[in-house]
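Please read the following report on helix packing and aromatic pairing alongside the sequence and the model.

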Amino acid sequence: MLKEPKDKLKASEARDVDEALAALEVIEKRRAPVLLARLRRRLDLPPGADVLEIGAAQGTYLTALTRLGMRPRGVEPWAPAIEVSKELARRTGVETDITLGRGEELPFKSESFDLVLAISVMEHVEDPDAVFREAHRVLRPGGGFYFYTGSALHPRQVEIAGFPLFPWYPDPVRRRIMRWAVEKRPDLIGHTEQPAWNWFTPWGTRRALRRAGFSEAVERWDLVDPDALPGRKRIETIAVQRVPGMRLVGAFASGAIAFLAIK
């Protein structure tokens, strides 16, 4: 029998407005500005650039991006999260535009956006290849799709409690366990109906992005300016960027992977 998890997981789409406000503080102060600075090393993202977030939840990133001068929109499959986004907008004074929908079928015209984001979303979608194709479709030429997701290489994870080394399980076993958790132990997966079905490797992700039509796939290491980092982080980043073999070490050492795919 599984032990009760000490710290029960909670799906991000299930946050209430106070939890969303707490998350917004972190996103607004550091995550969103740092992300934009890194993406601008490879993309032309002037003020007013059109941004789409897949899996926008309560609109925390949309709020931060609006305040940073972007023109963001979102798509979110869980209606209660969109309702919370309306209360968040009332609290912050920043209106957000979130449409009910899925990444596999984006309700937007082709070539509508300069940037598409999917932060901790790709592991939860039903068909990653379809999301890659849709992101490519709605991007303008030269635009980019940035996503941050779970790695199949690192043994630790925060998607399900009680299963050590879960990312290393064979894919059919992982999926069987997740289906069981949805039905029998939703507390282990944050009471979400869309748990982390998908786990990614850098090489498999590159192949999938090429199939979707992207011309270039830039790993997160190559988006970072080492000179903007303090001491040890600077040295580690330079090593991963320049020393043969260190990129693979970095992939095994990190619990996530992230790519900027350029159209």
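The text below takes up a helix crossing and then a group of aromatic rings.

This is a predicted model, in which local features need pLDDT of at least 70 and side-chain atom pairs count only at pLDDT 80 or more, while totals for chains, interfaces and linings use all residues. Residues are numbered from 1 along each chain as its sequence is written, and side-chain values use heavy atoms, with hydrogens and water left out.

The axes of helix H1 (residues 17–39) and helix H2 (residues 60–67) come within 9 Å and cross at roughly 50°. The contact (heavy atoms within 4.5 Å) involves, among others, Leu24 and Ile27 of H1 and Tyr61 and Leu65 of H2.

The structure holds ten aromatic pairs, where ring centres lie within 6.5 Å and planes under 30 degrees apart count as stacked, over 60 as edge-to-face and the rest as tilted. Two of the stacked pairs are set out here.

| Pair | Centre to centre | Between the planes |
|---|---|---|
| Phe145 and Phe214 | 6.3 Å | 25° |
| Phe147 and Phe259 | 6.2 Å | 25° |

Phe145 lies in strand E5 (residues 139–150) and Phe214 in the loop between helix H6 (202–212) and strand E6 (216–219), so their pair ties together parts that are 69 residues apart in sequence. Phe147 also lies in strand E5, whereas Phe259 lies in strand E7 (residues 256–262), so that pair ties together parts 112 residues apart in sequence. Both Phe145 and Phe214 are buried (under 20% relative accessible area, with a 1.4 Å probe and protein chains only; exposed is over 50%, partly exposed in between). Together with Phe132, the residues Phe145, Phe147, Phe214 and Phe259 form one aromatic cluster.

Conventions:
Axes fitted to C-alpha atoms, helices over the stretch in contact; angles between N-to-C directions. Helix = DSSP H or I, 4+ residues; strand = E, 2+ residues; numbered from the N terminus. Phe/Tyr/Trp six-rings, centres within 6.5 Å; stacked < 30°, edge-to-face > 60°.
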